[in-house]
Amino acid sequence: MLLSLRNVRKSYLIAEGPLEILKGVDFDIDAGESVALTGESGSGKSTLLHLVGGLDYPDAGQILSAGVDIAALDDRGRAQYRRSQVGLVFQQFNLIPSLDVAANISFHARLAGRHNPDWERQLVENLGIEALLARYPEQLSGGQQQRVAIGRTLAARPPLVLADEPTGNLDEATGDAVLAIMLSLTKSAGAALLMVTHSSRLAQMLDRSVHLSGGKIA
Ligand SMILES: Nc1ncnc2c1ncn2[C@@H]1O[C@H](COP(=O)(O)OP(=O)(O)OP(=O)(O)O)[C@@H](O)[C@H]1O
(Lines give C-alpha, C1' and ligand atoms only; values in the text may rest on other atoms or scores of the structure.)
Protein backbone atom coordinates (compact mmCIF):
# COMPACT_ATOMS: atom_id res chain seq x y z
CA MET A 1 0.00 0.00 0.00
CA LEU A 2 1.41 3.38 -1.00
CA LEU A 3 -0.87 5.59 1.08
CA SER A 4 -3.28 4.80 3.92
CA LEU A 5 -5.48 7.30 5.72
CA ARG A 6 -6.90 6.17 9.04
CA ASN A 7 -9.55 8.16 10.92
CA VAL A 8 -8.14 11.50 9.72
CA ARG A 9 -9.76 14.50 11.36
CA LYS A 10 -9.33 18.19 10.72
CA SER A 11 -11.14 21.29 11.91
CA TYR A 12 -10.48 24.98 11.46
CA LEU A 13 -10.95 27.52 14.23
CA ILE A 14 -13.22 30.32 13.10
CA ALA A 15 -14.86 33.14 15.09
CA GLU A 16 -17.93 30.98 15.86
CA GLY A 17 -15.74 28.11 17.16
CA PRO A 18 -14.20 25.01 15.57
CA LEU A 19 -15.43 24.13 12.09
CA GLU A 20 -15.17 20.36 11.67
CA ILE A 21 -14.28 19.55 8.06
CA LEU A 22 -12.86 16.01 8.07
CA LYS A 23 -14.59 13.73 10.60
CA GLY A 24 -12.71 10.46 10.28
CA VAL A 25 -11.50 9.89 6.74
CA ASP A 26 -10.29 6.42 5.77
CA PHE A 27 -9.00 5.30 2.42
CA ASP A 28 -6.04 3.64 0.71
CA ILE A 29 -4.20 4.14 -2.55
CA ASP A 30 -2.07 1.46 -4.15
CA ALA A 31 1.17 2.20 -5.98
CA GLY A 32 0.45 3.25 -9.55
CA GLU A 33 -3.29 3.72 -9.00
CA SER A 34 -5.20 6.81 -10.19
CA VAL A 35 -8.02 8.00 -7.92
CA ALA A 36 -10.44 10.88 -8.40
CA LEU A 37 -11.45 12.80 -5.25
CA THR A 38 -14.92 14.27 -5.68
CA GLY A 39 -17.31 16.10 -3.37
CA GLU A 40 -19.34 19.28 -3.13
CA SER A 41 -17.67 22.65 -2.92
CA GLY A 42 -16.52 23.15 0.69
CA SER A 43 -16.58 19.41 1.51
CA GLY A 44 -12.85 19.44 2.34
CA LYS A 45 -11.15 18.07 -0.79
CA SER A 46 -8.37 20.69 -0.82
CA THR A 47 -7.98 20.32 2.94
CA LEU A 48 -7.45 16.58 2.47
CA LEU A 49 -4.96 17.11 -0.36
CA HIS A 50 -2.96 19.57 1.78
CA LEU A 51 -2.77 17.02 4.61
CA VAL A 52 -1.60 14.24 2.29
CA GLY A 53 0.92 16.65 0.75
CA GLY A 54 2.45 17.30 4.17
CA LEU A 55 1.51 20.99 3.98
CA ASP A 56 -0.74 20.91 7.05
CA TYR A 57 -1.29 18.66 10.08
CA PRO A 58 -4.37 16.58 10.86
CA ASP A 59 -5.90 17.03 14.33
CA ALA A 60 -6.06 13.26 14.72
CA GLY A 61 -5.60 10.06 12.75
CA GLN A 62 -2.79 8.70 10.65
CA ILE A 63 -1.55 9.42 7.14
CA LEU A 64 0.75 6.55 6.33
CA SER A 65 3.04 6.92 3.34
CA ALA A 66 4.78 3.63 2.61
CA GLY A 67 4.04 2.76 6.26
CA VAL A 68 5.45 5.99 7.77
CA ASP A 69 3.05 8.39 9.53
CA ILE A 70 3.79 11.76 7.95
CA ALA A 71 2.02 13.64 10.75
CA ALA A 72 4.62 12.26 13.17
CA LEU A 73 7.65 13.41 11.14
CA ASP A 74 9.81 16.32 12.31
CA ASP A 75 10.38 19.34 10.01
CA ARG A 76 13.34 17.71 8.32
CA GLY A 77 11.43 14.48 7.70
CA ARG A 78 8.48 16.40 6.26
CA ALA A 79 10.75 18.43 3.99
CA GLN A 80 12.28 15.18 2.76
CA TYR A 81 8.78 13.69 2.25
CA ARG A 82 7.66 16.73 0.23
CA ARG A 83 10.83 16.70 -1.85
CA SER A 84 10.90 13.02 -2.77
CA GLN A 85 7.57 11.29 -2.08
CA VAL A 86 4.86 13.64 -3.35
CA GLY A 87 4.46 15.97 -6.31
CA LEU A 88 1.89 18.75 -6.33
CA VAL A 89 -0.05 20.17 -9.24
CA PHE A 90 -1.97 22.93 -7.44
CA GLN A 91 -3.20 26.20 -8.92
CA GLN A 92 -1.58 28.17 -6.14
CA PHE A 93 1.82 26.49 -6.42
CA ASN A 94 3.11 28.69 -9.14
CA LEU A 95 6.10 28.24 -11.36
CA ILE A 96 9.29 30.02 -10.35
CA PRO A 97 9.09 33.41 -12.14
CA SER A 98 12.86 33.92 -12.46
CA LEU A 99 13.42 30.57 -14.22
CA ASP A 100 12.54 29.74 -17.82
CA VAL A 101 10.30 26.77 -18.61
CA ALA A 102 13.20 24.35 -19.13
CA ALA A 103 14.71 25.25 -15.74
CA ASN A 104 11.31 25.13 -14.04
CA ILE A 105 10.82 21.60 -15.37
CA SER A 106 14.14 20.28 -14.08
CA PHE A 107 14.16 22.23 -10.78
CA HIS A 108 12.21 19.76 -8.61
CA ALA A 109 13.81 16.77 -10.30
CA ARG A 110 17.23 18.15 -9.33
CA LEU A 111 16.08 18.78 -5.75
CA ALA A 112 14.79 15.21 -5.54
CA GLY A 113 18.07 13.91 -7.00
CA ARG A 114 16.17 12.50 -10.01
CA HIS A 115 17.18 14.83 -12.85
CA ASN A 116 16.91 12.78 -16.05
CA PRO A 117 17.19 14.70 -19.36
CA ASP A 118 15.69 11.84 -21.44
CA TRP A 119 12.59 11.62 -19.24
CA GLU A 120 12.25 15.43 -19.21
CA ARG A 121 12.48 15.53 -23.01
CA GLN A 122 9.76 12.87 -23.24
CA LEU A 123 7.52 14.88 -20.89
CA VAL A 124 8.05 18.10 -22.83
CA GLU A 125 7.23 16.39 -26.14
CA ASN A 126 4.14 14.66 -24.78
CA LEU A 127 2.82 17.83 -23.17
CA GLY A 128 3.44 19.80 -26.38
CA ILE A 129 5.54 22.49 -24.71
CA GLU A 130 8.78 22.20 -26.76
CA ALA A 131 8.29 25.66 -28.23
CA LEU A 132 7.94 27.22 -24.77
CA LEU A 133 11.19 26.04 -23.16
CA ALA A 134 12.98 29.40 -23.31
CA ARG A 135 9.97 31.41 -22.12
CA TYR A 136 9.34 32.68 -18.59
CA PRO A 137 6.14 31.82 -16.70
CA GLU A 138 4.69 35.34 -17.09
CA GLN A 139 4.92 34.87 -20.88
CA LEU A 140 2.60 31.83 -20.80
CA SER A 141 -1.17 31.47 -20.87
CA GLY A 142 -2.93 29.83 -17.91
CA GLY A 143 -3.30 26.56 -19.82
CA GLN A 144 0.35 26.58 -20.87
CA GLN A 145 1.40 27.21 -17.25
CA GLN A 146 -0.74 24.25 -16.20
CA ARG A 147 0.99 21.96 -18.69
CA VAL A 148 4.41 23.18 -17.53
CA ALA A 149 3.37 22.60 -13.90
CA ILE A 150 2.37 19.02 -14.78
CA GLY A 151 5.73 18.49 -16.50
CA ARG A 152 7.63 19.96 -13.57
CA THR A 153 5.89 17.65 -11.11
CA LEU A 154 6.27 14.49 -13.19
CA ALA A 155 9.93 15.29 -13.95
CA ALA A 156 10.78 14.51 -10.31
CA ARG A 157 9.09 11.07 -10.58
CA PRO A 158 7.32 11.21 -7.20
CA PRO A 159 5.58 7.97 -6.20
CA LEU A 160 2.41 10.01 -5.51
CA VAL A 161 1.09 12.95 -7.54
CA LEU A 162 -1.53 15.20 -5.91
CA ALA A 163 -3.48 17.36 -8.31
CA ASP A 164 -6.22 19.94 -7.69
CA GLU A 165 -8.27 20.46 -10.88
CA PRO A 166 -5.07 20.19 -12.96
CA THR A 167 -6.86 20.89 -16.23
CA GLY A 168 -9.23 23.53 -14.84
CA ASN A 169 -7.79 26.31 -17.03
CA LEU A 170 -8.16 24.36 -20.27
CA ASP A 171 -11.09 24.02 -22.63
CA GLU A 172 -12.87 20.65 -22.52
CA ALA A 173 -11.13 19.04 -25.50
CA THR A 174 -7.65 20.25 -24.49
CA GLY A 175 -8.34 19.35 -20.84
CA ASP A 176 -9.32 15.79 -21.78
CA ALA A 177 -6.22 15.43 -23.96
CA VAL A 178 -3.89 16.81 -21.27
CA LEU A 179 -5.43 14.56 -18.61
CA ALA A 180 -5.03 11.53 -20.89
CA ILE A 181 -1.35 12.45 -21.34
CA MET A 182 -0.95 13.03 -17.60
CA LEU A 183 -2.47 9.61 -16.86
CA SER A 184 -0.27 7.85 -19.38
CA LEU A 185 2.85 9.62 -18.08
CA THR A 186 2.05 8.88 -14.42
CA LYS A 187 1.45 5.22 -15.36
CA SER A 188 4.74 5.02 -17.26
CA ALA A 189 6.52 6.59 -14.26
CA GLY A 190 4.77 4.06 -11.98
CA ALA A 191 3.25 6.94 -9.98
CA ALA A 192 -0.10 7.01 -8.21
CA LEU A 193 -2.40 9.98 -8.74
CA LEU A 194 -4.92 11.53 -6.36
CA MET A 195 -6.83 14.17 -8.28
CA VAL A 196 -9.55 16.55 -7.12
CA THR A 197 -12.14 17.19 -9.78
CA HIS A 198 -15.70 18.49 -10.02
CA SER A 199 -16.14 16.72 -13.35
CA SER A 200 -17.61 13.22 -13.36
CA ARG A 201 -16.46 12.95 -16.99
CA LEU A 202 -12.82 13.48 -15.95
CA ALA A 203 -13.25 11.27 -12.87
CA GLN A 204 -14.27 8.40 -15.15
CA MET A 205 -10.93 8.54 -16.91
CA LEU A 206 -9.21 7.44 -13.65
CA ASP A 207 -9.06 3.94 -12.13
CA ARG A 208 -11.65 4.79 -9.44
CA SER A 209 -13.30 7.60 -7.49
CA VAL A 210 -13.73 8.38 -3.81
CA HIS A 211 -16.42 10.82 -2.72
CA LEU A 212 -16.09 13.13 0.27
CA SER A 213 -19.39 13.93 1.96
CA GLY A 214 -20.27 14.93 5.53
CA GLY A 215 -16.59 14.85 6.49
CA LYS A 216 -16.11 11.20 5.48
CA ILE A 217 -15.46 9.11 2.41
CA ALA A 218 -18.93 7.94 1.42
N1 LIG B 1 -7.69 28.11 6.79
C2 LIG B 1 -9.01 27.96 6.93
N3 LIG B 1 -9.65 28.53 7.99
C4 LIG B 1 -10.97 28.36 8.17
N5 LIG B 1 -11.77 27.65 7.34
C6 LIG B 1 -11.19 27.09 6.27
C7 LIG B 1 -9.80 27.21 6.00
N8 LIG B 1 -9.52 26.51 4.86
C9 LIG B 1 -10.70 26.01 4.44
N10 LIG B 1 -11.70 26.35 5.29
C11 LIG B 1 -13.11 25.92 5.19
O12 LIG B 1 -13.11 24.51 5.17
C13 LIG B 1 -14.10 24.01 4.28
C14 LIG B 1 -13.44 23.05 3.28
O15 LIG B 1 -12.59 23.79 2.41
P16 LIG B 1 -11.83 23.09 1.20
O17 LIG B 1 -11.11 24.16 0.47
O18 LIG B 1 -11.04 21.95 1.71
O19 LIG B 1 -13.07 22.53 0.34
P20 LIG B 1 -13.12 21.96 -1.15
O21 LIG B 1 -13.92 20.71 -1.09
O22 LIG B 1 -11.73 21.86 -1.70
O23 LIG B 1 -13.93 23.10 -1.89
P24 LIG B 1 -13.92 23.60 -3.44
O25 LIG B 1 -14.45 22.46 -4.25
O26 LIG B 1 -14.87 24.77 -3.38
O27 LIG B 1 -12.51 23.99 -3.77
C28 LIG B 1 -14.76 25.22 3.66
O29 LIG B 1 -15.97 25.46 4.37
C30 LIG B 1 -13.77 26.33 3.89
O31 LIG B 1 -14.44 27.57 4.02
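Visitor: Leaving aside its neighbours within four places in sequence, which residues is S11 in contact with?

Guide: S11 is in contact with P18, L19, E20, I21 and D59, once those neighbours are set aside. Two residues are in contact if their C-beta atoms, placed from the backbone, lie within 7 Å. Before we go on, residues are numbered from 1 along each chain as its sequence is written. This is also a predicted model: local features need pLDDT of at least 70, side-chain atom pairs count only at pLDDT 80 or more, and totals for chains, interfaces and linings use all residues.

Visitor: Where does S11 lie, and how far is S11 from L22 in sequence and in space?

Guide: S11 belongs to strand 1. Helices (H or I, at least four residues) and strands (E, at least two) are DSSP runs, numbered from the N terminus. In sequence, S11 and L22 are 11 residues apart, while their C-alpha atoms are 6.8 Å apart in space.

Visitor: Is S11 buried or exposed, or in between?

Guide: The general idea is to count neighbours. A residue is buried if 20 or more other C-beta atoms lie within 10 Å of its own, exposed if 12 or fewer, and partly exposed in between; these C-beta atoms, too, are placed from the backbone. S11 counts as partly exposed because it has 17 C-beta neighbours inside 10 Å. Across the 218 residues of the protein, 36% count as buried.

Visitor: How do strand 1 and strand 2 pair?

Guide: Two strands pair if DSSP finds at least two bridges between them. Here, strands 1 and 2 have 10 bridges and are antiparallel. A hairpin passes from one to the other through 2 residues.

Visitor: What else pairs with strand 1, and in which sheet?

Guide: Strand 4 (residues 60–65) runs antiparallel to strand 1, with 5 bridges between them; R9 stands opposite A60 there. The open sheet has 4 strands in the order 2-1-4-5, with antiparallel pairing. Its edge strands, strand 2 and strand 5 (68–69), each pair on one side only.

Visitor: What is the strand order in the sheet with mixed pairing?

Guide: That open sheet has 6 strands, and you read them as 6-7-8-3-9-10. Strand 6 and strand 10 (216–217) are its edges, each pairing on one side only. Strand 6 runs parallel to strand 7 (residues 160–164), joined by 4 bridges, and V89 has A163 as its bridge partner in strand 7.

Visitor: Which residues cover the two faces of strand 6?

Guide: In strand 6 (residues 86–89), V86 and L88 are buried on one side, and G87 and V89 are buried on the other.

Visitor: Why is helix 1 described as largely enclosed?

Guide: Helix 1 is largely enclosed by the rest of the structure because 6 of its 8 residues are buried. They are K45, T47, L48, L49, L51 and V52. After helix 1 comes G54, with a positive phi near 75 degrees.

Visitor: What is in the largest nonpolar core?

Guide: A nonpolar core is a set of buried Ala, Val, Leu, Ile, Met, Phe, Trp, Tyr and Cys residues joined through C-beta atoms within 7 Å. The largest one here has 50 residues, and L37, L48, V52, L160, L162 and L194 have the most contacts inside it. Leaving aside neighbours within four places in sequence, L48 is in contact with L22, V25, L37 and L212.

Visitor: Which residues surround the ligand?

Guide: Here a residue is near a molecule if its C-beta atom, placed from the backbone, lies within 6 Å of it. Y12, I14, L19, I21, G39, S41, G42, S43, G44, K45, S46 and T47 surround the ligand. Helix 1 gives the largest share of this shell, 3 residues.

Visitor: What does the radius of gyration say about the protein?

Guide: The radius of gyration is taken over C-alpha atoms, and the globule rule is 2.2 Å times the number of residues to the power 0.38. With 218 residues, a compact globule would have a value near 17 Å, and the protein has 17 Å, which agrees.
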